[in-house]
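Please keep the sequence and the structure open beside the text while going through the points.

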Amino acid sequence: MSNQEMPPIKRKGGLDNDEEENSKKSKIECESEQADPQDQGNIQDAHLSNETLADSTSEGPKEVDTDQSSPEPGQPCGKLLICGGTNWDMVGRKEVPKSGVNTGGPNLWEPHSISSLTSIRVQHVASGPSSCHSIIICEGGTAMSFGRNDKGQLGHGDTVRCDKPKVIESLKTQTIVQASCGKAHSLLLTAEGILFGFGDNKSAQLGQGHQKALMPKPVQIVHPGNKKIIKASCGAEFSMFIDESNLLYSFGRPEYGQLGHNTDGQYFVSANKLAFNCEVLPRHVAVFVEKTKDGFTHIIDDVKIVDVSCGVNHTIARDSKDRLFTWGFGGYGRVSSIHAGATYSMAVSGGQLYFWGLTKSTGDATMYPKPVRDMSGWDVRSVGCSKTSIVLAADDSVVSWGPSPTYGELGYGLKKGGQKSSTNPKIVEPLEGIYIQEVTCGFGHTLFIARDDEKDLPLLNKLPVYDPEKASG
């Protein structure tokens with residue numbers, strides 16, 4: 001099947017998905033939110049005392065055990081595949097910063113297996129539309145990480161880039177069940193409902209009660225009421241989590257209102273200089289509103305949040321009644337969804353995939369959810385949102401699209417006239433016949449978890465193998 005055409009049995013149509021990059025980047029620093037000095041000092045002491053928690057609970061080495069069962073029954077495990085840019089210090093940059101190195105892997109234009117993970121089964125992968133790093137959760141709950149590490153976002157206690165996936169040593173004794181990645185920070189959730197974070201904290205996105213910029217070792221993010229946490233999500237420079245009572249909390253940079261507290265935290269430092277009050281500790285998102293068709297707004301009282309997803313500067317949440325709420329940077333029509341890209345959103349409702357927002361640097365934005373007509377009739381089970389690219393696992397295929405430039409995250413390959421980009425959804429031919437269970441996207445790379453039953457091995461073994469050590473050597 002040519003990757004130029006979708007299967008004829010599926011309904012085909014155009015997409016209104018012209019996008020624009022959210023290139024605006026703040027040049028002003030966040031300032032710590034003022035609080036009672038005594039109370040703030042007590043809170044900070046409590047959080048600082050937890051900075052060694054991950055190491056102090058260690059009971060010895062925990063190997064990646066492929067015989068252990070998944071901590072979440074029914075969650076399938078499989079083989080990890082990767083495509084896209086692997087020169088982590090250069091992806092998304094015009095030049096390498098002083099702290100970076102312009103060496104590393106090439107752009108992988110088709111999916112590859114990773115040589116060091118041949119015998120390791122994976123149950124969950126995480127990255128994000130602003131992330132050039134990734135978290136891998138292996139069968140049994142061991143966490144590994146690799147990629148860019150200039151802010152300590154890999155959790156290894158240093159700022160050295162890691163091309164080969166490496167176990168996060170200080171969390172060896174923890175059973176990790178979920179992870180999320182921001183621009184330069186990461187969150188990991190344990191089976192016991194404990195949340196850890198590491199990486200950049202300049203905007204307080206690690207919720208420690210302070211804005212110490214660099215935290216390369218995992219620290220616990222403490223719930224204000226000591227409740228269990230059931231889900232976490234990272235924006236570029238902010239974070240969200242849901243607790244066991246289905247309450248939503250946020251912390252970090254508030255610049256576009258993405259924290260959900262009805263403020264952007266902006267204030268004047270001087271006549272011509274602005275700054276922001278960052279939320280240095282997790283704060284309850286207490287108010288949800290609904291706008292009627294005639295423009296009136298009223299508060300909704302019975303909101304229990306069950307899912308949350310963060311884009312670069314916007315947040316989407318779903319409640320127990322399947323109502324969608326969104327807030328944050330709204331310049332491109334992002335209204336609601338549970339799959340957040342950099343400046344766009346996607347949702348699956350009633351089997352239909354919807355899109356709105358902007359992924360290209362030209363053209364008009366889609367200002368409200370519109371069906372992706374090319375995907376009508378497809379069973380979409382997993383969605384990956386890159387900065388500008390979209391990758392889906394649907395039916396027995398993988399479908400992707402995105403504007404130029406790309407780094408290979410679309411996975412088309414360069415054989416048989418393969419393309420590097422596409423404005424319309426196209427089949428990822430190198431994965432035809434391989435069943436993909438989960439897909440996630442980083443800034444310019446895509447990770448897949450492929451089913452690895454005995455019947456799947458012949459096709460999996462035919463895929464090219466990426467050796468990070470040789471590529472970076």
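1. Two strands are said to pair if DSSP finds at least two bridges between them, and strands themselves are DSSP runs (E, at least two residues) numbered from the N terminus. This is a predicted model, in which local features need pLDDT of at least 70 and side-chain atom pairs count only at pLDDT 80 or more, while totals for chains, interfaces and linings use all residues. Residues are numbered from 1 along each chain as its sequence is written, and side-chain values use heavy atoms, with hydrogens and water left out.

2. Strand 27 (residues 390-394) is joined by 5 bridges to strand 28 (residues 397-402), and the two run antiparallel; here A394 has S397 in strand 28 as its bridge partner. In the hairpin that these strands make, with 2 residues between them, D395 takes a positive phi near 50°.

3. Strand 26 (residues 380-385) also pairs with strand 27 in the antiparallel sense over 5 bridges, and V380 has A394 as its bridge partner. These two strands form a hairpin with 4 residues between them.

4. Is strand 27 enclosed or open? Because 5 of its 5 residues are buried, strand 27 is largely enclosed by the rest of the structure, where buried means under 20% relative accessible area (1.4 Å probe, protein chains only). In a regular strand the side chains alternate between the two faces of the sheet. In strand 27, I390, L392 and A394 are buried on one side, and V391 and A393 are buried on the other.

Conventions. Buried means under 20% relative accessible area, exposed over 50%, partly exposed in between (1.4 Å probe, protein chains only).
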